[in-house]
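Have the sequence and the model at hand while reading.

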Amino acid sequence: FEIKFIDKDEKEKNVWQNSWGLSTRSIGINIMMHSDNKGAVIPPKVAKNKAVIIPIFFKDEKRPIIEKCKSLLSELSDFNPILDDREGYTPGWKVNEWELKGIPLRIELGPRDLKESQVILVRRDNQKKEVVKIKALKKKVQETLEEMQADLLSKARKQLKDSTVETKNLKELMQAINDKKLVKAGWCGDSKCEETMKEKADGAKIICIPFKKHDISACVACNQKAKEPVFIAKSY
């Protein structure tokens, strides 16, 4: 793009640049890949706050429960937890809000839990609930976050694999795009063939040339020798 600058040696040089568009795309793909009908699901490794602590009490039980929740907040500081001790909101309302925002773990502490020195630990992705003793909570939180991260990655990889098909001709390409698949195909390198793909496959286009090459013998559009393997998809 002819973007240049004067360097410290007073010579004109080209800038280093890229066009990954990582910031907004990474947010979008996270929402599309992991979220459900309750809201966002944020993978633990990218969640700023990895847990939320929700106290559950009646008026006369408030003080000891809040004090214990504050103690948990300190004990779990490595995970940057949030203590939702707001007044005027029911525990159920708070649960819904934090599920909507996608906080990985929810920790609930009520009167019975306080008496038993335990909490209820809930994963955001699969809603799995566990009773965890407070003395073992920090270790359990770490283990659960690691399990959740691995499960989300495994689920995403399976979805990608199940949604990817290889096509050898335009008819197969058209069918795969209609089925909302990610298509793996060959391309001869000619822009005319790329235009043919768009025209025949309802606007689908080459979205990337993979770093890891796979064996594709012929171009999906012209059936001539393929120059590159490509991925083809339609933007919605």
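## Basis and terms

Two strands count as paired if DSSP finds at least two bridges between them. Strands (E, at least two residues) and helices (H or I, at least four residues) are DSSP runs, numbered from the N terminus.

The model is predicted, so local features need pLDDT of at least 70 and side-chain atom pairs count only at pLDDT 80 or more, while totals for chains, interfaces and linings use all residues. Residues are numbered from 1 along each chain as its sequence is written, and side-chain values use heavy atoms, with hydrogens and water left out.

β3 pairs with two strands, both in the parallel sense: β5 over 5 bridges, and β4 (residues 82-83) over 2 bridges. Ile 54 stands opposite Glu 108 in β5, and Val 52 has Ile 82 of β4 as its bridge partner. Together with helix α2 (residues 62-75), β3 and β4 make a right-handed β-α-β unit. Right-handed here means that, with the strands pointing away from the viewer, the path from the first strand over the helix to the second runs clockwise.

## The four-stranded sheet

An open sheet of 4 strands has the order β8-β9-β11-β10, with mixed pairing. β8 and β10 (205-208) are at the edges and have a single partner strand each, so one side of each is left without a neighbour in the sheet. Ignoring direction, neighbouring strands of this sheet are turned by 45° against each other on average; the axes are lines fitted to C-alpha atoms, for helices over the stretch in contact, and angles run from 0 to 180 degrees between N-to-C directions.

Within the sheet, β9 (residues 182-187) is mostly covered, with 5 of its 6 residues buried. β8 (residues 164-166) and β9 run parallel and are joined by 3 bridges. Val 165 stands opposite Val 183, and Glu 166 has Lys 184 as its bridge partner in β9. From β8 the chain passes through helix α6 (residues 170-178) to β9 in a right-handed β-α-β crossover. β9 and β11 (residues 228-233) run antiparallel, joined by 5 bridges; Trp 187 is bridged to Glu 228 in β11.

## Pockets

A pocket is an open set of points on a 1 Å grid over the protein atoms alone, with protein on both sides within 12 Å along at least five of seven lines; lining residues have an atom within 4 Å of a point. Grid points are joined across faces, edges and corners, and a volume is the space filled by probe spheres set on the points. The largest pocket has a volume of about 1,500 Å³. Of its 29 lining residues, Ile 29, Leu 160, Leu 182, Ile 207 and Ala 233 lie nearest the centre. At least two lining residues come from each of α1 (22-34), α5 (137-162), β10 and β11, and α1 gives the most, with 6. The lining divides into 16 nonpolar, 7 polar and 6 charged residues. Nonpolar covers Ala, Val, Leu, Ile, Met, Phe, Trp, Tyr, Cys and Pro, charged covers Asp, Glu, Lys and Arg, and the others, Gly among them, are polar.

The second largest pocket holds about 240 Å³ of space. Its lining includes Ser 26, Ile 29, Asn 30, Leu 152, Leu 153 and Arg 157. Here α1 and α5 are the elements that give two or more residues, and α1 gives the most, with 5. By class, this lining has 7 nonpolar, 3 polar and 1 charged residues.

## The cavity

How many cavities of 30 Å³ or more does a search of the whole structure find? The search finds 1, a cavity being a set of grid points where a 1.4 Å probe fits but cannot get out. The volume of the largest cavity is about 50 Å³. Among its lining residues are Trp 98, Glu 99, Ile 103, Arg 123 and Gln 127. α3 (91-101), β5 (105-109) and β6 (118-123) each supply at least two residues of this lining, which has 5 nonpolar, 1 polar and 4 charged residues.

Conventions:
Buried means under 20% relative accessible area, exposed over 50%, partly exposed in between (1.4 Å probe, protein chains only).
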